[in-house]
Amino acid sequence: MKHIADSILYLSGFVSTVFFVLCGISYSSNKNWFIWTLFGGLVFGLLTGFLIWQNEIWKGQKNIAALARNDIEPKISCLMEYPIKVENEKPYRNTKNPSIFIKNSGPIAAVSLSATVDIYVYNTKEKKISELIKTGFKGFDHAMSTKELEPFSDIEHSTIGIDGKDIISVYSISVNYYRKSDMKLFNLNELFFTHNKTIYSDLEFKNDDRYQIVVDKIKSFVPPDNKGNEVNVTAAAEHTWFMETSPSILKRKNEDGSITIIGQPENQKDSITRGLPHLILTPSTFKESGFYLEAEIEGEHINVKVKFEVKNVGSVAAVVTEDGFNPVVEIEPGQNKYYSNTLKIARGPNNTIPLNEFIELLDTGKESLNISFNLLYRPKNDDSKLFKVTTNNEFSKNNAK
């Protein structure tokens, strides 16, 4: 387009010059020819001026567009809220585990986006940070993840909810992302606070008298070397550990050496769905001991065993599976069965606490385990589907809540 405009511009300039030369010649020979030559020269002169003006506008628009492409940024923001659930056709706020949203409100994509969440647990009675929990977003297994957030889209991530009468939880969210045109790095850091099942943004919580105290404690907090069981267990609050019992992506190595991947199980809906099983999990005590958990040392690990009563309130039988492949137990509609699971706890690299001492703390109730338990099952009438039902409970020897 530019080359065509330039060619017409040069041609009109040449023709205008010829007309003005002819104008001088015709003036000396024929005055009528002079008038028509002068008129033609003026027309082509105006055309030349118009094309010069349009050409400059085109160049200016091109420059502005180029500058705009370099100046526009992905408009990334964070939001945290309790998710809305529906049960018996009635919506409600589920205040167990908050959801974090990363939103792109701008016109261009953010690429190679990664995010982490640091959760500081502040004890208002002891006036100190009692625990620090480091978590990553779903899909961000590495520092650079190639995650792309398209314009006007968002990512939702469910994180651990920590609540208590004397607890203020601070969620520090760090997001790194790049602009695709020049791979310029941007970052975003946001703070959110939860207290008594209410979420506050950083701006909202600044009105609280404890805001500056908590923020100062976070800035000066140094995690202790002895973090408890940090390999398979995450500290969730003082004297509490958070445990995830099964992976989100299931795979199996076949006899021929090939790998079969199931993928991520579908979460069971909150409300009962017609034509599907619906399982309800309740912690149960062991019949022999009457306790909610049993722990024993095996080598350099502790095996912790917990038990659940599983009730099927759906209309179809459920086939429970531990690995997504092999069936373990079948539960008919209206039937109750018991299911136990053993979790392996390993000490962190800097933890020197004797394993029998940790078991004694569990036995006396001075330590507890916050277990996020995932039970996998398939509907008996459709083995192509795989569902996951999750329950979160704090286990001590004599209690589960």
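Predicted model: local features only at pLDDT ≥ 70, side-chain atom pairs only at ≥ 80, totals over all residues.
Modeller: Residues are numbered from 1 along each chain as its sequence is written. Local features need pLDDT of at least 70, side-chain atom pairs count only at pLDDT 80 or more, totals for chains, interfaces and linings use all residues, and side-chain values use heavy atoms, leaving out hydrogens and water.

Colleague: Why is the pair Asp202 and Lys206 called a salt bridge?

Modeller: A salt bridge is a side-chain nitrogen of Lys or Arg within 4 Å of a carboxyl oxygen of Asp or Glu. The closest N and O atoms of Asp202 and Lys206 are 3.9 Å apart, so the pair counts.

Colleague: How many salt bridges does the structure hold?

Modeller: There are six. Among them, Asp208 pairs with Arg210 at 3.0 Å.

Colleague: What makes Arg210 partly exposed?

Modeller: Buried means under 20% relative accessible area, exposed over 50%, and partly exposed in between (1.4 Å probe, protein chains only). Arg210 has 29%, so it is partly exposed.

Colleague: What does the salt bridge of Lys380 with Glu330 tie together?

Modeller: Their closest N and O atoms are 2.9 Å apart. Lys380 lies in the loop between strands E23 and E24, and Glu330 in strand E21, so the pair ties together parts that are 50 residues apart in sequence. Helices (H or I, at least four residues) and strands (E, at least two) are DSSP runs, numbered from the N terminus.

Colleague: Which residues of helix H5 are buried?

Modeller: In H5 (residues 355-364), they are Leu355, Phe358, Ile359 and Leu362.
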